Amino acid sequence: MASAAGPRSRGRLAALTAPGVLLPLAIALALFLLLSASAAVDPARGVTASTSPFTDEGWNVVNARNLVLFGTWSTDDWRMYLLNLPYSVLEAGWLALTGVGIVQARLLDVIVGAVALAALGLGLRRPLGTAGASLAAAALGGSALFLYYTRLAYLEPLVLLWLVVALLLLSNARPSTWTGLLAGAALALAIATKASAGFAAAGILAGIAVTGWREAPVRRALAGAVLALVLAALAWALILALPQPAALATDLRIWAPEPMPHSIAELVRRIVTYPTRSDGGITLALPLLAAGAIGFLLVAARYPVLDARQRRIVGASVGWLVAGMGILLVVPYRPNRYLVPLLPPLAILAGLGFAVVAAWLGPRRRVPTAVLGALLAAVLVVPGLVLHVGWVTQTPTTLPGVQARIAELIPAGATVQGDLAPVLAMRARATTIVSRPATNVNPGDLYATRDVRWVLTDGPAPAWAPLHAAAWSARTRELCVRWGPGETCLYRLP
């Protein structure tokens, strides 16, 4: 028995230490070490015209933070966990384990990003080969946009991971109803994390259908995926949406408005101006965009010789990219972070293009495939890596200290109001309220109804201040910090 087990054990060890396994894991580990080392550094300024890096981390984490500190998802009208539940659940579990704070919150995204790279590299190693799969993982991990937003507490890295898992399941070598159900669950999780992922999800399904419909197992997998999506939608509606219609309506008002074009001319204008109005996203993603485009052309030229699995990968990637980009060309608000979930299909096409060329060259190539892949990976990774190093070395680390100081100033059980309250007062055992009277989000006299005695503001007084002029005049300034577009101060009221 021992002699029989020995060869099997050695075989398993050899499989686990093969380059096709170790290289993607090494790429994922490198990303984790790189980003976790700078998790405390503030968001670099100038990467986006949006103020999102200085507000959204708090808004994304606040419901998870509330659950950990107070045992309830929400203490006010801010119930965005209804629309980002997978992220909030994971973040709550992580913060319960590691403690509440911005560094801990960001580390979850870093882990998610590393897992996405590992999944991509490991999942594609058979259809693309070790070099092609590793190139895809490295190209994604080295993208400037991926590096910037995966280091922060954002929804996009988790959306990206779910979509990658779904693509890998639907394009696996033996598709079945069960793999389709799992893929549909992954797509449902992506949409539940951020609703806009629905467009990419539809694109993936459409791409798989176009390239694999003639295969009965693929049809069964697609049916399983659709069934899982329908069941997930029903569960969400019955458990979360229908019991809380007012809360859901408020969440929809929190989202940025995205009016559709009012005419064909307006639609054309939005489409043709996107390259110059992408919030710098096209420039930041340019190496990967170029590699993906070249990869697509190479794959298209050799499409007849691709096997069925490779064709499904092409279809899913192109569908993901076209559908996901299509909505960005239509909507008016297009911050560059919206491009992050569209980076994987570009990386996959680049890796597949390389694999196709390597197979075509065959014995004619003079330089080993691994060397060619490493050179191309360096070309794709170095620009983003240089930008990342510049961002984190030229940006101060202030937020962890600010959070600790505000947690000392604000007593437990107090209520603090302000757009930046969720991020700056994250560690305080206090209720944080974002008030938007214009859209009926936490409106009214919060001084009287919510006992607000602490206010974080960059200048404007709260809407209720005229109702309590004496109290507002008697406020004391406890702290001022440079955060976001200007200086924000913490005021205490009697």
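Buried means under 20% relative accessible area, exposed over 50%, and partly exposed in between (1.4 Å probe, protein chains only). The model is predicted: local features need pLDDT of at least 70, side-chain atom pairs count only at pLDDT 80 or more, and totals for chains, interfaces and linings use all residues. Residues are numbered from 1 along each chain as its sequence is written, and side-chain values use heavy atoms, with hydrogens and water left out.

**Exercise 1.** Classify the two partners of the salt bridge between Arg 312 and Glu 215 by accessibility, and state which parts the pair ties together.

*Solution.* 
Step 1. A salt bridge requires a side-chain nitrogen of Lys or Arg within 4 Å of a carboxyl oxygen of Asp or Glu. For Arg 312 and Glu 215 the N to O distance is 3.9 Å.
Step 2. Arg 312 lies in helix H16 (residues 308-330), and Glu 215 in the loop between helix H10 (197-212) and helix H11 (216-241), so the bridge ties together parts 97 residues apart in sequence. Helices here are DSSP runs (H or I, at least four residues), as are strands (E, at least two), numbered from the N terminus.
Step 3. Glu 215, with a relative accessible area of 26%, is partly exposed. Arg 312, at 2% relative accessibility, is buried.
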